[in-house]
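Morning, everyone. Please look at the structure on the screen before I start.

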Amino acid sequence: MTMENNRMLVFVGSYAEESTGGVYVYEFDEKLGELARLDQVSGLKNPTFLNLDTKQRRLYVISETAAEDGSKRSDAVSFHILPEDGKLREINRANALNGPSCHIQRSADNRYLTLASYHKGSISLVELKADGSVGPVLDIRNHQGQGLEQKSHVHSSFYSPDQRFLFVCDLGLDTIFIYRIDSGEGKLVLHGETKVKQSAGPRHLTFHPNGKFAFVINELDSTVTAFSYDADQGALTEIETVSTLPEGTTVDNGCAEITISGDGRFLYGSNRGHDSIVVYAVDPAAGRLNVIQHVSVEGKHPRHFSIVPGGRYVLAVNRDTNNLTVFARDGESGKLSYTGKSYEISKPVCVWADRF
């Protein structure tokens with residue numbers, strides 16, 4: 001087989017019923033920019049979001065379940081990755097949240113998983129055992145709005161670069177909640193809050209590699225907010241908010257994913273409606289953004305995309321057109337160009353890639 005750390009595997013989560021394939025594994029040929037399917041896993045309902053632990057060769061997946069009263073719950077499911085065969089072998093699954101989940105995150109020390117529920121407005125802290133198995137739920141924080149007009153929709157959680165704080169994007173409350181983890185008690189402790197513009201809808205977040213800036217993509221008003229980050233205080237201060245759309249665009253649009261290049265020079269965000277990826281150049285001193293490109297995703301409703309390790313390619317998954325598209329990325333300009341490669345996948349939502 002291929003050499004260690006030389007095989008690029010791609011993992012895709014999707015909307016699916018338990019009886020059908022929901023999580024897919026591909027091999028990615030970096031020379032040709034082509035994908036070949038190696039495995040697909042059924043037995044999971046709506047395994048839409050994944051977390052990849054390359055070092056330990058594990059994949060963590062959300063899966064919708066039902067409680068005895070008929071309400072929706074979520075499991076976290078742990079898989080061992082067999083890179084030689086490109087297969088997944090289930091380790092275990094366990095209840096992980098009091099509602100249907102839309103995002104799963106893992107702490108760098110592999111002690112915890114956190115799951116976010118858009119519909120329930122909650123974030124859970126779940127024990128992760130040394131063997132990669134999912135342990136019990138340690139804590140759940142339920143966010144509350146004020147009045148009938150405001151309802152919590154927790155969409156994601158992201159650790160600060162030093163892992164001291166957990167940043168939770170609540171789209172419904174236009175707030176980024178900042179938690180720390182009390183490891184002794186196994187609790188999420190509220191540390192602070194950062195507001196964005198009313199009705200902006202913060203969805204996902206990424207930190208600059210230098211640790212001085214953070215960027216949040218706002219789903220509802222199609223913007224990205226740049227923040228300066230005080231690592232000592234665990235606090236965000238807004239620098240600016242910029243549009244994700246070309247000037248004069250009138251199409252209905254909602255944003256989804258945001259990520260930054262490994263060198264911190266370029267920031268990328270996805271538009272659902274305009275069906276594009278916006279590319280910004282990042283000012284390394286001030287954290288300000290300058291739009292340099294809008295590129296079609298060659299599909300509809302790009303829920304997620306990721307930069308392939310090495311930075312030469314970007315993979316985008318388009319839910320409404322059931323396809324994954326491959327883009328070449330220019331490391332100097334940051335711009336993307338469609339390779340002409342598109343692969344059929346039913347209702348894809350999340351894509352990650354790494355070398356094994």
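Predicted model: local features only at pLDDT ≥ 70, side-chain atom pairs only at ≥ 80, totals over all residues.

Residues are numbered from 1 along each chain as its sequence is written, and side-chain values use heavy atoms, with hydrogens and water left out.

Start with β13, residues 166-170. Strands here are DSSP runs of E, at least two residues, numbered from the N terminus. How many of its residues are buried? 5 of 5. Buried means under 20% relative accessible area with a 1.4 Å probe, protein chains only. L166, V168 and D170 are buried on one side. F167 and C169 are buried on the other.

Now its partners. Strands pair if DSSP finds at least two bridges between them. β12 runs antiparallel to β13, with 5 bridges. S156 has C169 as its bridge partner. β14, residues 175-182, is also antiparallel to β13, again with 5 bridges. There, C169 stands opposite I176.

On to the largest pocket. A pocket is an open set of points on a 1 Å grid where a 1.4 Å probe fits, with protein on both sides within 12 Å along at least five of seven lines; lining residues have an atom within 4 Å of a point. Its volume, the space filled by probe spheres set on the points, is about 1100 Å³. Of 36 lining residues, Q105, F158, T206, T259 and W352 are closest to the centre. β12 is one of the strands that supply at least two lining residues.

How values were computed:
Helix = DSSP H or I, 4+ residues; strand = E, 2+ residues; numbered from the N terminus. Buried < 20%, exposed > 50% of the residue type's maximum accessible area, 1.4 Å probe, protein only.
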